[in-house]
Amino acid sequence: MEKAQLRIWVSLMSTRTSESFIDSNLDYDVVVIGAGISGLYQLYCLREAGFRACILERGTGVGGTWYWNRYPGARFDSESYSYAYSFSEELLEEWNWSEHFASQPEILRYLEYVADKFNLFKDIRFSCEVTKAQYMEEETCWQLILANGSTVSARILITALGILSEPTFPNIEGINSFSGESFHTGLWPKTPVTFEGKNVAVIGTGASGVQTIQEIAHEVRNLTVFQRRPNWCAPLNNSDIDVDEMNEIKANYKDMFAICSESHGGFIWTVDPRGTFEVTAAERVSFWEYLYASRGMSIWQGNFKDVLSDPVANKELSDFMANKIRQRIHDPEVAELLIPKDHGFGTRRVPLETKYYETYNQPNVDLIDLNRSPIRAISPKGVITSEGEYKVDTIIYATGFNAITGSFDRIDIRGASGQALKEEWSSHLETFLSVQVPDYPNLLMINGPQGLGGNHPRNIEYSVEWVTSLLEHMKSRNLRRVEPSISAVQTWSEHVRAKSGSALANKIDSWMTGINTNVPGKDKRVVGFRYGGSVQSYRLFCDSVAKGGYKEMIFS
Ligand code: N01
């Protein structure tokens with residue numbers, strides 16, 4: 001079916017190939033995959049720049065991450081107003097956030113509002129899963145094949161897939177034999193799920209697991225949490241935003257976004273210029289108490305300059321955080337199970353919590369240490385560990401994602417030489433600026449591998465604008481093809497590796513270093529899986545490429 005379609009299409013195209021960037025024989029100038037935060041803004045910018053563009057989205061609505069992750073308790077853990085779009089003053093003025101850290105339903109409402117306000121829905125094709133993307137050298141375009149068998153052609157393909165959009169289930173025997181209900185946090189159904197009176201198992205204690213556990217613990221009859229490695233969690237300290245506070249936030253948007261541009265990770269919290277041991281012990285503890293009582297990622301992103309790079313400073317902070325856990329949990333044995341021993345505070349993603357630790361003081365909540373009693377299998381009735389069977393009505397898999405490359409892997413992406421991107425990346429993960437890959441001309445990625453972590457919407461806006469400028473550069477010069485030079489890719493990759501140097505996080509197994517024990521081949525850390533430098537150093541590099549006329553890229 002696919003081959004036959006491709007042959008007909010190629011013969012049609014060969015008689016109609018255009019010499020200019022714009023080619024009315026192609027369905028679109030640009031196709032974007034994904035209608036999340038990246039895709040929506042990309043569509044908006046492309047339209048403003050006069051391109052014929054559309055989004056292909058496999059879901060039935062907009063929102064991306066916030067469409068799929070509808071699990072109980074899902075919410076921002078960066079301040080709502082700093083984690084939304086900044087490009088439209090009108091939008092900033094119109095939208096009122098109800099909480100400092102908005103919940104998933106509110107976030108989804110916001111993204112739907114944005115899509116509606118900017119009339120984006122008309123160019124989004126929902127329930128359109130792209131299964132194959134083939135670059136066609138002769139026609140200088142991408143040919144996409146959708147799950148329903150139809151094809152779409154475009155000069156340029158932009159992936160706006162999200163870095164955490166390919167959920168992974170654990171490789172546990174019998175996982176399909178369970179007779180009760182089971183859910184993955186990243187694939188949560190739209191229909192309401194009730195837990196009242198039910199015995200529920202949660203597997204996984206990352207950010208999604210923590211948000212789910214603390215939310216449902218009060219509703220379920222019994223909750224059994226299966227924990228492999230504990231994470232360091234910090235208090236979210238969420239609260240409502242009233243009218244006056246929202247007005248004040250609106251009045252300060254400009255200054256707040258300026259702080260985001262100047263902070264290392266794009267957040268509103270900036271690193272304290274002092275070293276941990278440059279202050280007295282009393283000052284240190286008092287600063288940490290202040291941060292612990294502050295909102296969101298303050299204790300992670302707004303701490304002393306060396307806590308995430310100097311092991312001794314990090315140990316001191318980890319001890320502070322461990323004591324906080326001990327103070328909050330009644331049973332000392334449970335407290336010790338919840339204190340990470342294999343990594344220091346902030347070296348993996350810090351889940352933000354609201355009374356998460358107190359959950360384990362509830363009589364209906366049990367914590368199972370999978371290091372002591374590993375899961376052997378899922379049975380029709382529940383979870384079997386080396387110590388016995390836990391019978392439950394519902395299993396929640398909060399077991400994470402095949403990060404960054406996983407969402408590309410699900411599409412058979414073939415470049416100029418016919419090589420599959422999945423194979424290419426299994427042995428050689430290099431990009432140019434996280435935007436392009438050699439041999440995959442006219443494929444542009446929003447936040448691909450080697451891209452920035454931190455405040456995603458801030459990074460997304462920057463990358464979308466950078467990509468749009470590149471396309472305007474091409475269109476105005478009638479350039480039809482773009483690919484990075486090999487030397488540019490090498491220079492960028494060396495830069496990425498150099499920036500991976502000092503952070504302790506790079507020496508720890510996590511999705512951020514490319515590890516997922518449930519995915520074959522993702523068992524070794526990848527240096528520079530994500531860009532370890534600051535927002536400023538990333539932008540400086542990208543800006544210099546644009547200002548220099550994109551000399552690192554080969555156009556034709
Ligand atoms: O996934 P994770 P997540 N047997 O990979 C465990 C973002 N996010 O969905 O640590 C048993 O962090 C695994 O154990 P271990 C955020 O960036 C944002 O929670 O590998 N357990 C771990 O405990 C975050 O970092 C928000 O030993 C298994 C858990 O499952 C990212 O998404 C909210 C297992 C997976 O944790 C991912 O978070 C939520 C197995 N076979 C998430 N396999 C916001 O609020 C895995 N685990 C913005």
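Reader: How many bridges join β6 to strand β18 (residues 443-445)?
Author: This is a predicted model: local features need pLDDT of at least 70, side-chain atom pairs count only at pLDDT 80 or more, and totals for chains, interfaces and linings use all residues. Residues are numbered from 1 along each chain as its sequence is written, and side-chain values use heavy atoms, with hydrogens and water left out. Helices (H or I, at least four residues) and strands (E, at least two) are DSSP runs numbered from the N terminus, and two strands pair if DSSP finds at least two bridges between them. β6 and β18 run parallel, and the number of bridges joining them is three.

Reader: Which residue of β18 is the bridge partner of Ile158?
Author: Ile158 belongs to two pairings. In β6, Ile158 is the bridge partner of Val32. In β18, the bridge partner of Ile158 is Leu444.

Reader: How many of the nine residues of β6 are buried?
Author: Buried means under 20% relative accessible area; exposed is over 50%, and partly exposed is in between (1.4 Å probe, protein chains only). Strand β6 spans residues 151-159 and is mostly covered. Of its nine residues, the number buried is eight.

Reader: What are the edge strands of the five-strand open sheet?
Author: The order is β7-β16-β8-β9-β12, with parallel pairing. An edge strand here pairs on one side only. The two edge strands are β7 (181-184) and β12 (365-369).

Reader: Which residue stands opposite Ile203 in β9?
Author: Strands β8 (residues 199-203) and β9 (residues 222-227) run parallel and are joined by five bridges. Opposite Ile203 stands Phe226.

Reader: Which residue caps the N-terminal end of α11?
Author: The cap is a side-chain oxygen 3.1 Å from the backbone nitrogen of Val312. A polar contact is a pair of N or O atoms within 3.5 Å; within protein, one must be able to donate a hydrogen and the other to accept it, and residues adjacent in sequence count only if both atoms are side-chain atoms. The capping residue is Asp310.

Reader: Is Gln301 buried or exposed?
Author: Gln301 is found in helix α10. It touches Phe267, Trp269, Thr270 and Val271, not counting residues up to four places away in sequence; contact means heavy atoms within 4.5 Å. Its relative accessibility is 14%, so Gln301 counts as buried.

Reader: With which side chain does the side chain of Asn402 make a polar contact?
Author: Asn402 sits in the loop between β16 (394-397) and α14 (406-409). Its relative accessible area is 7%, so Asn402 is buried. At 2.7 Å, its side-chain partner is Lys522.

Reader: How far apart are the C-alpha atoms of Ala416 and Gly186?
Author: Ala416 lies in the loop between β17 (412-414) and α15 (421-427). At 31% relative accessibility, Ala416 counts as partly exposed. Along the chain, Ala416 and Gly186 are 230 residues apart, and their C-alpha atoms are separated by 33 Å.

Reader: How many residues surround the ligand?
Author: A residue is near a molecule if one of its heavy atoms lies within 4 Å of it. A polar backbone atom of Arg75 is 2.6 Å from an oxygen atom of the ligand, and a polar side-chain atom of Arg229 is 3.2 Å from a ligand oxygen. The closest residues are Arg75, Ser208, Arg228, Trp511 and Asn518, and the number surrounding the ligand is 25.
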